[in-house]
Amino acid sequence: MSRFVISDLSVNRAELPVVSKVSLVAESGAISVLLGANGAGKTTLLEGLSGIIPVAGGRIELDGREIHKARPGLRSREGLAHVEQGRTVFRQLTTEENLKVGLSREAEMAQAYDLFPELVQRRAVRAGLLSGGEQQMLVIARALLTRPKVLLIDEMSAGLAPVIVTRLMNAVRRLADEGLAILLVEQFAALALSIGDRAYVMRRGRIVHDGECKALARTPDELHRLYLGTEAA
Ligand SMILES: Nc1ncnc2c1ncn2[C@@H]1O[C@H](COP(=O)(O)OP(=O)(O)OP(=O)(O)O)[C@@H](O)[C@H]1O
């Protein structure tokens, strides 16, 4: 069982505070969903978690070990993987070569293909020629090759057709059911809440809601209010 705990975390951009004293948890077997309007600071938070940008304050702990001062490579070795926004693949390499860049062994490759059988028939195709959904599957598969304990996923659904988004969401649910701890940043709020466990809503760099996904899914007006910030301060 893994536990990823973020306490009072602050992250700046160009020396301006973008994420302020955020606390949240992601645990084995569960999906923590992080929602919020554009510019709320979700991507900045994930980049602070994986070490792409340094944190300005607070703590990040994975299974009781503090990792917020560690370089990204070390955080990865500790068990953190980050599916970044933008679906970056090596476009000139084939699907399989993209996976091999992750220095994977056969067992991990087999697991990746088991999660996304769609990629098997595309293994010899250059990644630049894959559909957006296939590229997203490839990026998620590549993140799994390091056998992470915690998976951070940023806007995997951007620009994809609803049927593909549902496919990806089901795969993410399966990963959680197999024991991963997942922190899912998502714009498709209703769908994310339908597969998630714990829901957080972020606004202007702060967490303004922390509760169960099921409860928030039942109250779309409340979700709307949280996004727009019309509640009493
Ligand atoms: N490289 C950067 N330099 C300076 N400010 C930035 C940079 N990237 C983002 N910001 C600012 O930080 C704030 C938070 O942006 P961020 O991308 O983290 O939000 P987000 O919640 O992920 O939004 P979106 O859903 O649009 O991706 C915004 O005000 C944005 O303008």
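How many nonpolar, polar and charged residues does the shell around the ligand have? Here are some notes to read beside this predicted model.

1. Let's start with that question. By class, the shell has three nonpolar, six polar and two charged residues. You can look them up one by one: R13, A14, V18, G36, N38, G39, A40, G41, K42, T43 and T44 surround the ligand. Helix α1 (residues 42-50) supplies the largest share of this shell, three residues.

2. Strand β1 (residues 3-13) and strand β2 (residues 16-27) run antiparallel and are joined by eight bridges. R13 has L16 in β2 as its bridge partner. Two residues lie between the strands of this hairpin, and A14 takes a positive phi near 50° there.

3. Next comes the open sheet. Six strands form it in the order β6-β7-β8-β3-β9-β10, with mixed pairing. Its edge strands, β6 (80-83) and β10 (206-212), each pair on one side only. On average, and ignoring direction, neighbouring strands here are turned by 15° against each other.

4. Four bridges link β6 to strand β7 (residues 150-154), and the two pair in the parallel sense. Along this pair, H82 stands opposite L152 in β7.

5. Finally, look for the helix that packs on the sheet: α6 (residues 162-177), which touches β3 (31-35), β7 and β8 (181-185). The direction of α6 makes about 155° with that of β8.

How values were computed. Residues numbered from 1 in each chain as written. Predicted model: local features only at pLDDT ≥ 70, side-chain atom pairs only at ≥ 80, totals over all residues. Near = placed C-beta within 6 Å. Nonpolar A, V, L, I, M, F, W, Y, C, P; charged D, E, K, R; others polar. Pairing = 2+ DSSP bridges. Axes fitted to C-alpha atoms, helices over the stretch in contact; angles between N-to-C directions. Contact = placed C-beta atoms within 7 Å.
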